[in-house]
Amino acid sequence: MNPNKALWEKGDFTKIAETMREGGDALVESLGLRKGMKILDLGCGDGTTAIPAARRGADVLGVDIARNLVEAGSRRAQAEGLSNCRFQEGDATDLQGLADDSFDLTVSFFGAMFAPKPFDVAKEIVRVTRPGGRIVMGNWIPNDPTLVAQILKISSAYTPPPPEGFVSPMTWGVESNVTERFVAAGARADRVSFARDTFTFRLAGAPSEPLAIFRTYYGPTMNAYEAASSGGRGADLQKELEALFESQNSSGRSDATSVPATFLRVTVAV
Ligand SMILES: C[S@@+](CC[C@H](N)C(=O)[O-])C[C@H]1O[C@@H](n2cnc3c(N)ncnc32)[C@H](O)[C@@H]1O
């Protein structure tokens, strides 16, 4: 099985996505959508951004490598009667069946960054976005002090080194890497722009609750716990992550969690 697919089908990302509903809506609000706009949401998960985009009248296709998430997204769209929101399985490195120039807007929030072969990903995103269209990506930033970058950093210290030639997903959070990839895909360097933005995870419950959710349902964290436990370091990992979640809770309450996380917002005018 493709390890990239196996990682995201492991656990149940929908449990994390439940803490991303308001943040996903805010992201979509910031996109300035028009009714009928054709949107591709790549690495869409269960529709964190695809569903709010469809609620605003866009014609949305969500593509994700994980079958369970595609099914979950389809169920959510169906439950809301959103016939303008479809989900299908696909790999961001090779968007088979998607024609050139077919979307007005391609978005990928914390999605395509996790695919291997980043140059292929950029090439596919540019290929399917029409000239005059737009690409918007949200990517976590390496060594950023906020939640997700820190979870991935701490987790990687407990997992075996990646195979030779592995390109870290976090390189999508480095401006020079992103520009290089989109320019190689045919975009103009002066049409690639960057901004720091914030995504807020929200949950009713103490900060220990989201950590339990990540530990039980988030593939990368599950792998880190498995590796740490087999090396007798499970308790150390738990302590580090507990301290992280505690320090990141900005709700000012012990019974509610609100965690703002910084990301790199990439916009490409195609
Ligand atoms: C952190 S989740 C984000 C999901 C969604 N965008 C959200 O914000 O809730 C990363 C997503 O990227 C998807 N993904 C990872 N590698 C992929 C690939 N090669 N092609 C398509 N999707 C991929 C995963 O299955 C997962 O749904």
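Q: Which residues of α11 do Pro210, Leu211, Phe214 and Arg215 of α9 meet?
A: The model is predicted: local features need pLDDT of at least 70, side-chain atom pairs count only at pLDDT 80 or more, and totals for chains, interfaces and linings use all residues. Residues are numbered from 1 along each chain as its sequence is written, and side-chain values use heavy atoms, with hydrogens and water left out. Helices (H or I, at least four residues) and strands (E, at least two) are DSSP runs numbered from the N terminus, and contact means heavy atoms within 4.5 Å. By this criterion, the four α9 residues meet Gln238, Leu241, Glu242 and Phe245.

Q: How many residues of the contact of α9 with α11 are nonpolar?
A: Ala, Val, Leu, Ile, Met, Phe, Trp, Tyr, Cys and Pro count as nonpolar, Asp, Glu, Lys and Arg as charged, and the others, Gly among them, as polar. In the contact of α9 with α11, one residue is polar and two are charged, while the nonpolar ones number five.

Q: What is the orientation of α9 relative to α11?
A: Axes are lines fitted to C-alpha atoms, for helices over the stretch in contact, and angles run from 0 to 180 degrees between N-to-C directions. Angles under 35 degrees count as roughly parallel, over 145 as roughly antiparallel, 65 to 115 as roughly perpendicular and the rest as oblique. The axes of α9 (residues 208–217) and α11 (residues 234–248) come within 9 Å and cross at roughly 135°. The relation of α9 to α11 is therefore oblique.

Q: Is the crossing in which α9 passes α11 left-handed or right-handed?
A: A crossing is left-handed if the near helix is turned anticlockwise from the far one by less than a right angle, and right-handed if clockwise. The crossing of α9 past α11 is right-handed.

Q: Which residues of α11 make the contact with α10?
A: The helices α10 and α11 pack at an angle of about 140°, with their axes 7 Å apart. This angle makes α10 oblique to α11. From α10, the contact takes Thr221, Ala224, Tyr225, Ala228 and Ser229, and these are joined from α11 by Gly234, Leu237, Gln238 and Leu241.

Q: How many charged residues belong to the contact of α9 with α10?
A: The axes of α9 and α10 come within 6 Å and cross at roughly 80°, and the two helices are therefore roughly perpendicular to each other. Leu211, Phe214, Arg215, Thr216 and Tyr217 in α9 meet Gly219, Thr221, Met222 and Tyr225 in α10. This contact has five nonpolar residues and three polar ones, and its charged residues number one.

Q: Which element gives the most to the lining of the largest pocket?
A: On a 1 Å grid over the protein atoms alone, a cavity is a set of points where a 1.4 Å probe fits but cannot get out, and a pocket is an open set with protein on both sides within 12 Å along at least five of seven lines; lining residues have an atom within 4 Å of a point. The largest pocket holds about 1000 Å³ of space, and the closest to its centre of its 31 lining residues are Leu7, Pro162, Phe166, Pro169 and Pro220. Two or more lining residues come from each of α1 (3–9), α7 (147–156) and α10 (219–230). With five residues, the element that gives the most is α7.

Q: What is the volume of the largest cavity?
A: Grid points are joined across faces, edges and corners, and a volume is the space filled by probe spheres set on the points. A search of the whole structure finds two cavities of 30 Å³ or more. For the largest cavity, the volume is about 460 Å³.

Q: Which residues lining the largest cavity are the closest to its centre?
A: By class, the lining of the largest cavity has 21 nonpolar, seven polar and three charged residues. Of its 31 lining residues, the closest to the centre are Gly43, Asp64, Phe110, Gly111 and Phe114.

Q: Which elements each supply at least two residues of the lining of the second largest cavity?
A: The second largest cavity holds about 80 Å³ of space. Its lining includes Phe201, Pro210, Phe214 and Val259. At least two lining residues come from each of β6 (192–204), α9 and β7 (256–269).
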